[in-house]
Protein chains: 2
Amino acid sequence: MPRNEVPDIVVARLPIYLRVLNHLLAEGRQITSSQELGDRLGISSAQIRKDLSHFGEFGKQGTGYNVAYLRDQLRRILHVDREWRMALIGVGDLGQALLHYQRFDEHGFHIVAVFDNDPAKIGTVIAGHRVHGMDELADVVREQGIEIGILAVPPTAAREVAARLIALGVKSLLNYAPITLTVPPDVRVQYVDPVAQLQHMTYYRGAEHDATLATVSARNVIHN
Amino acid sequence: MPRNEVPDIVVARLPIYLRVLNHLLAEGRQITSSQELGDRLGISSAQIRKDLSHFGEFGKQGTGYNVAYLRDQLRRILHVDREWRMALIGVGDLGQALLHYQRFDEHGFHIVAVFDNDPAKIGTVIAGHRVHGMDELADVVREQGIEIGILAVPPTAAREVAARLIALGVKSLLNYAPITLTVPPDVRVQYVDPVAQLQHMTYYRGAEHDATLATVSARNVIHN
């Protein structure tokens, strides 16, 4: 099956499978099953078998999966069996926190160039990175072979910065700016917006909150 | 239509609609259309009309939506027309960055209690918050009326901390620990894992990277 026929929602689950397999390996486990993976992830074992079947045969009915082999195959499929070079744009509070986020390096995603447009920051060294001005963007992106951009700029600047990176051939953007980007079809954007995630959860909470208040009122009426 | 019949994928888009409406209001706009919203978000206008139709009639064919009214309705539907009180568990690098993340407060999500299990941190004040020990969790969560927990603890601690919060009645968890939590059906978890998001994108990148290398090799063969 050609890669482009795999539904994106299936692709989104592969990093989660990879994470569990890494945990299992760290626990010294050699064999697992779709049942065990499903239990750990709150996903049905049938779903896991179906997801993995897009990419080949990784286990046998009754014998399960070899953890190390399946882990290696997922790393190959996700192209994380190599290192990736990233540029961080914006070193405010958020950008500086991302420079200290060790999980990027641990997983082969390396911030190798840092940019800001604040003259007070340009030329200084933050968390071991010299801060470049935005006028150096084209040269540094080319010299450093940047393939991924992390946008940690204010929303008002995000569109322009994204357009400049895309024009330089950067096709993967991790966007922390709370704004939706319109990009060409060959460019991928992933959004990190914890406020939107909180609002997603509170949708489900308000009704019962109201119900609790109603119950309290009703109880008060009864008891007073 | 009862609230629970709205597909979760539709609910996930409501905060994004709300964000765009806030941008439009800030630009002084009074009327918008599903076409304009769709253009800004890269979603079809039909999808937007269909999503909103789950909650009532917000606009008329040909006249569009009143921006302020639709914004207010979405705030009500998402239950963000009130304030929410959150506890942050874990004040390592990530937790400290979250304490400085101003968008939480700007959107009515307030970190009002902070916990850690490190004796060197307990009792100190970080970003204006006194750090509580984990033995104070039950008392503080009750006293402060905490409804949302933010997990910024190591993956090895996340399950236990989540279980304790859930036992105290906290039903919404924003989980930064790279681990999947198994929770009761009335509890919601949202995961923030930028590494998984990067791996999701590199899935689509590797093939063309390989293709580029293949082209380079082929060229080398021809030219050497």
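**The interface of chains A and B**

Across the interface of chain B and chain A, 34 residue pairs are in polar contact, both residues being at pLDDT 80 or more; the criterion is a pair of N or O atoms within 3.5 Å, one able to donate a hydrogen and the other to accept it, with residues adjacent in sequence counted only if both atoms are side-chain atoms. This is a predicted model, in which local features need pLDDT of at least 70, side-chain atom pairs count only at pLDDT 80 or more, and totals for chains, interfaces and linings use all residues. Residues are numbered from 1 along each chain as its sequence is written, chains are lettered from A and ligands numbered from 1 in the order in which they are written, and side-chain values use heavy atoms, without hydrogens and water.

There are 4 salt bridges between the two chains, that is, a side-chain nitrogen of Lys or Arg within 4 Å of a carboxyl oxygen of Asp or Glu. One of them joins R19(A) and D193(B), at 2.6 Å from N to O.

Let me turn to the aromatic pairs. Over all chains there are 6, with ring centres within 6.5 Å; planes under 30 degrees apart are stacked, over 60 edge-to-face, and the rest tilted. Y203(A) and Y204(A) are edge-to-face, because their planes stand at 85°, with centres 4.8 Å apart. Y203(A) is buried at 1% relative accessible area, where buried means under 20% with a 1.4 Å probe, protein chains only. The rings of Y203(A) and F55(B) are also edge-to-face, with centres 6.3 Å apart and planes at 80°. In chain B, Y203(B) and Y204(B) form one aromatic cluster with F55(A).

Key. Buried means under 20% relative accessible area, exposed over 50%, partly exposed in between (1.4 Å probe, protein chains only).
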